[in-house]
Amino acid sequence: MHEPVWERRETFLALNPAGEVPVLVEPEGKPIWDDHAICEYLEEVYPEHNMLGTTPDQRAEVRRLVAWFDKKFAQEVTRNLVGEKITKRFIAGATPNSGAIRAGKQNVHYHLDYIGYLSDQRNWLAGENLSLADICAAAHISAVDYLGDIPWADHPGAQAWYARFKSRPSMRDILKDNVSGIPAARHYADLDF
């Protein structure tokens with residue numbers, strides 16, 4: 001469900017007083033918010049769909065990569081591109097900072113090289129199985145790719161990993177999403193980009 005967080009709707013704030021997405025509302029449970037809390041909850045409630053790994057080493061690697069993308073990638077790329085080009089427009093109404101945008105476009109190369117390196121060494125980013133690390137990375141990549149700010153031609157390893165992830169049925173609805181007034185890059189929903 002789409003939630004315009006900048007509107008600070010009372011019904012949404014009743015679900016999450018922080019006024020942030022995501023929020024998970026189970027049929028007979030109280031709302032759970034914060035992406036990490038939601039993921040840990042889902043891992044415990046639906047253990048047959050393991051996304052964190054089965055050994056302490058696997059779980060540590062998945063958590064390390066989730067932190068990498070949610071902290072380092074978010075700070076160096078997502079905030080500089082999505083934050084400046086989209087978030088400022090809808091939440092603050094401020095003018096984008098061109099220096100931040102240039103920094104984000106430069107920083108993305110380092111991260112795409114790292115994704116390429118990981119995908120050359122492993123089947124998925126954290127190991128042999130799809131994990132929360134792939135989902136977290138793809139969430140950030142998808143937001144930046146929507147804007148057309150991923151230089152795929154320079155990073156074939158990262159592109160191959162993302163093409164595999166993007167082709168999963170669970171991505172279909174995400175690739176149909178649109179930001180009002182900001183068209184997606186032409187290749188955004190193309191599985192063979």
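How many nonpolar, polar and charged residues does the lining of the second largest pocket have? In this predicted model, the lining divides into five nonpolar, seven polar and one charged residues. The second largest pocket itself has a volume of about 190 Å³. A total of 13 residues line this pocket, and those closest to its centre are Asn50, Gly53, Gln58, Asn129 and Leu130.

We turn next to a pair of helices. Two packed helices are described by the angle between their axes and the distance between the axes. For helix α5 (residues 132-146) and helix α6 (residues 156-166), the axes come within 11 Å and cross at roughly 100 degrees. This crossing falls in the range of 65 to 115 degrees, so α5 and α6 are roughly perpendicular to each other. On the α5 side, the contact is made by Asp134, Ile135, Ala137, Ala138, Ile141, Ser142 and Asp145; α6 contributes Trp161, Tyr162, Phe165 and Lys166. By class, the residues of this contact comprise seven nonpolar, one polar and three charged.

Aromatic rings also deserve a look, with eight aromatic pairs in the structure. One of them joins Trp152 and Tyr162, whose ring centres lie 5.4 Å apart; their planes are at 5 degrees, so the pair is stacked. Trp152 sits in the loop between α5 and α6, while Tyr162 belongs to helix α6, ten residues apart, and the pair thus links distant parts of the chain. Tyr162 is also among the α6 residues that make the contact with α5.

Notes. Residues numbered from 1 in each chain as written. Predicted model: local features only at pLDDT ≥ 70, side-chain atom pairs only at ≥ 80, totals over all residues. Heavy atoms only, no water. 1 Å grid on protein atoms, 1.4 Å probe; cavity = no way out; pocket = protein on both sides within 12 Å on 5 of 7 lines; lining within 4 Å. Points joined across faces, edges and corners; volume = space filled by probe spheres on them. Nonpolar A, V, L, I, M, F, W, Y, C, P; charged D, E, K, R; others polar. Axes fitted to C-alpha atoms, helices over the stretch in contact; angles between N-to-C directions. Helix = DSSP H or I, 4+ residues; strand = E, 2+ residues; numbered from the N terminus. Parallel < 35°, antiparallel > 145°, perpendicular 65-115°, else oblique. Contact = heavy atoms within 4.5 Å. Phe/Tyr/Trp six-rings, centres within 6.5 Å; stacked < 30°, edge-to-face > 60°.
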